[in-house]
Amino acid sequence: MDSETSNKTDMSFPATYQITIKGLLSEHWTDWFNGTLVSSLNDPTGKPHTILTCQVRDQAELHGILNRLNNLNMPLLEVTYISDKGEDHV
Amino acid sequence: MSTQILTTKLHIPYPSSNLVSRPRLLKRLNEGWNRKLTLISAPAGYGKTTLLSEWISTSEMPFCWLSLDEQDNDLNRFLSYIIASLDSIFEFDEQITSEYQSHSPDDLSRLMIPLINQVSDSEGHSSLVLDDYHLIENQQIHEAVIFILENIPPNMHLVIVSRADPPVRLAQWRARGELSEIRVADLRFTIEEAMHFLNQSMGLDLTVPDVTTLTDKTEGWIAGLQLAAISLQNHPDRPTFVSTFAGDDRYIADYLLDEALQWQPNHIQTFLLQTSILDRLCAPLCDFVTDRNDSRGILKELERSNLFLVPLDNQRNWYRYHHLFADLLRIRLKQEGRESMVDLYQRASSWHEQREMLSEAVRLSLLGGDAERVARLMEGHLLTIVSTSELSTLNRLLATLPKSTISGNPWLILAMAWGMVYEWKFEIAELLLDKIASTLHVLDEITKDRLKARISVLQSYIAGSRRDYARSIRIAQNALRDIPDNDLSIRSFTLLIIGNAHRFEGNLSRALEFHHDALRLSEEARDTALSVIILSRLTDISRLMGQLNRAYQSGRQALEMVEIYQKQTGTQSFISGYLKLRLSDVYYERNELEMALQYVEVGLDLARQWGAYDSTSLGYFNSSKINQALGNYRQAHNSLREFKETYPSEQRRQYQIASALEAEIHLRTGNLAGANEWMDTSGLGLSDRIQFLDFQFYDVLTQVLFARDQLSDAQVLLERLLKIGEETGAVEYEIRMLGRIALVLQKQGDEDEAIDLLARALNLAAPEGYLRTFIDQGEPMAQLVYQASLRGINPAFCNQLLDGFPIPVVPDQVSQDDLVEPLSNREVEVLTHIAEGDTNQEIAQNLHLSLYTVKSHARNIYSKLGVKNRTEAVAKARLLGILPKNS
């Protein structure tokens, strides 16, 4: 996590989040959650996973994405708050 | 359409024929029945619904079912579906089924307590299943569910099926041992279950190691196994498939869908992708969206081959895809290109538009991101949407659009403004209109003109709703100058608003003119909905103006239009509700009470379904009137009370009308105290300036004065009202006032004068057959009409009237002594209760008799009095002086 933002208590939006899920996703999912996607076979635990980086307008949008992942039975490994300057990352 | 009860949402899903029976879970479900709540919480594809349908089919317990969708995030709608669902078991009173329509959902307990009480009083017992509860986001609904749980009667059990845990205080129920839970870990297929599923249900012949591999790989996720099975059915080399799948690291549904689709013929693949955008599928809709003509066959084939298609009804008309499957398909579809998707949503939307399922049409356009089309729907169907009060649904749909989209589109702002007016929030609506006006300069001339016209029309409508009719007419007249001649519907609608303003102000002949002009234009525009509304209003105006026959013709003409329209579109039309209520007015006046009641029931039902305030109030009032005429005073009273509870805003006119009508019932049932109380609190005074719209209040006031023997006060007021009737051309009022004045004169002993006035009333009424206007004035009127007939005044019509009074009129001097056999004390006691409008059940309770005894007393009473029913009994008893005579 970014050390500068990790101390912040008041987060502002839009913000960028990284969501890590189990398994590999192909490119065409990018469009689906409106962000970028990197799949990798090598994580610290050695299991294949995918990191979705997405910019959200508010917490509600984030929860919307998490709900959709739940609906698709995609197991969630991690959700990380990256930055409130979302536009720099996307 | 969305506000009607879609019965498909109440259907318990059929257990699939190739079900894997799950006794271990059924046992737990059965054990949980004694607790308040069963929660089945797991992501899509774990067989939650399938498990329940097996439970239901093997259980002796009755179940009610409700499949929720996103549109149920409205407390009133949610509750109306709950009631519709529970009604199948508990058979609620009519009054309960309308309770939910309240516009003040703040007072939750007031809405919920009668519902809970009815369930608790009922002998039945049932579990209520709320399927897909994760789609509910509205906090009020969560609170309603908590309320149900806190107060759940022992003969009811709640089952919530959700993909995520619902916020209904689960921890509390768990701690109290009131929660039975089935979660993912329980739902995963065991290897035995997977064996059964893959080898028996899906007809594969897999080895134990292969099944074990698949179960491990999918972690018992049933949808995953099902997708794998579909691929395996067609795969030439099953062991290879299993080992390849096991070694693949992709998201399993992604991988499996690719595999499953790959083995389908091309046209099926395309069909699946294209129809995945639909929440509900039927063959004609699929044909339209996919541009094919063999959808019925394809749907049957898909259902047969277990391709995640769930039938929603017995006849296999409507289906839906399994949620997960639809989601995956939609992602594939999106991959194929944004444009094709927009096109599909557009087609689906216009299919619904053609069937006037407008909120679904709007929803599909919103999903297609086609704000333009939403705006166009608003533009083209604004009037239908307004007049059918689908605005509440629309408000919610619009709320799902980003603010920036709405503020960028004047049509959408206009739609919101209408929505605000519907919620009686005029100030906000006006702010929105200002906002549109400020963006007009960037638009092209044609759009600008169209919008300007519609802004004016709404402003005029708002002024009318505020009872500022002069302003309403002025704005509308100005608007007419600017509306292009070929913009027929909006011209017609504007004329209708002006006509309405005139009608409320009492310029009836002007009102008539404007309605006729409006009708010409709506017919030229072939705008059926608008024509039907105009004709319905013409029915009202004509009746008021003394043209009962023309009123009837207008109503029948509109009814024919509605019927043709319904035949063409195959849908029930909302506007027919208002029409039927207006026709019930006519039947009522003609004393055709059966027909009137029939029309009122249908009309009120429709009005309540779309929550239209004006029509709903009209329905309740008419229902009350008809029940009074039939002698069901209790029920007449209940209708009014129900209306007041449904729309509890005391400031609104209709609420006050309901109070006045209650006072009228008090008078007829001899409850003078109740009528006095109304008069004291009504704020009405003898020297008030009387507006035409308030005629009804003062009419009731004169009746109270009459009953209090303040005859000269009554007469003065009646003369003023008569003048209003004469000056405005409201012949119906004129007839009624002449009759009332005649009764005052008769009571004062001036029978000649009384009969002169009555003769005037009879002459106005006879050619058009106004009957109830006289009959409703009761027994003294019957006597007076009888006297008039004796004097040879319009004897044919007088006889027709006399036939309509509840009992044959007999000369004044009869008394109980004339009865062959006098009534016993007990019978008089029972009769007194009958006169108060008590039901037999209530009388039995009050007098501590059995129901049977009360009925037998009633039979004796009828036979001694020589009458057929309660109404006649009460009237005859009054005539004979057995009961106190009241006016």
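I looked up helix 42 of chain B for its buried residues (under 20% relative accessible area, with exposed over 50% and partly exposed in between, 1.4 Å probe, protein chains only) and found B:Pro780, B:Met781, B:Ala782, B:Gln783, B:Leu784, B:Val785, B:Ala788 and B:Ser789. The model is predicted: local features need pLDDT of at least 70, side-chain atom pairs count only at pLDDT 80 or more, and totals for chains, interfaces and linings use all residues. Residues are numbered from 1 along each chain as its sequence is written, chains are lettered from A and ligands numbered from 1 in the order written, and side-chain values use heavy atoms, without hydrogens and water.

Helix 42 covers residues 778–790 of chain B and reaches 19 Å from first to last C-alpha, close to the expected 18 Å (1.5 Å times one less than its number of residues). Helices here are DSSP runs of H or I, at least four residues, numbered from the N terminus. I noted that the buried residues of helix 42 pack against helices 39, 40, 41, 43 and 47 of chain B. After helix 42 comes B:Gly792, with a positive phi near 80 degrees.

At least three residues come from each of domain 4 (371–598) and domain 5 (603–804) of chain B; the domain bounds are from an automatic or database assignment. Beyond four places in sequence, B:Phe774 is in contact (heavy atoms within 4.5 Å) with residues including B:Met781 of helix 42, B:Leu758 and B:Phe797.

B:Asp838 pairs with B:Arg634, closest N and O atoms 2.5 Å apart. B:Asp838 sits in the loop between helices 44 and 45 and B:Arg634 in helix 34 of chain B, so the pair ties together parts 204 residues apart in sequence. B:Asp838 is buried at 5% relative accessibility, whereas B:Arg634 is partly exposed at 28%.

I also logged B:Arg826 and B:Glu829, a salt bridge at 3.2 Å, N to O. Both lie in helix 44 of chain B, three residues apart, about one turn.

Key: Helices (H or I, at least four residues) and strands (E, at least two) are DSSP runs, numbered from the N terminus. A salt bridge is a side-chain nitrogen of Lys or Arg within 4 Å of a carboxyl oxygen of Asp or Glu.
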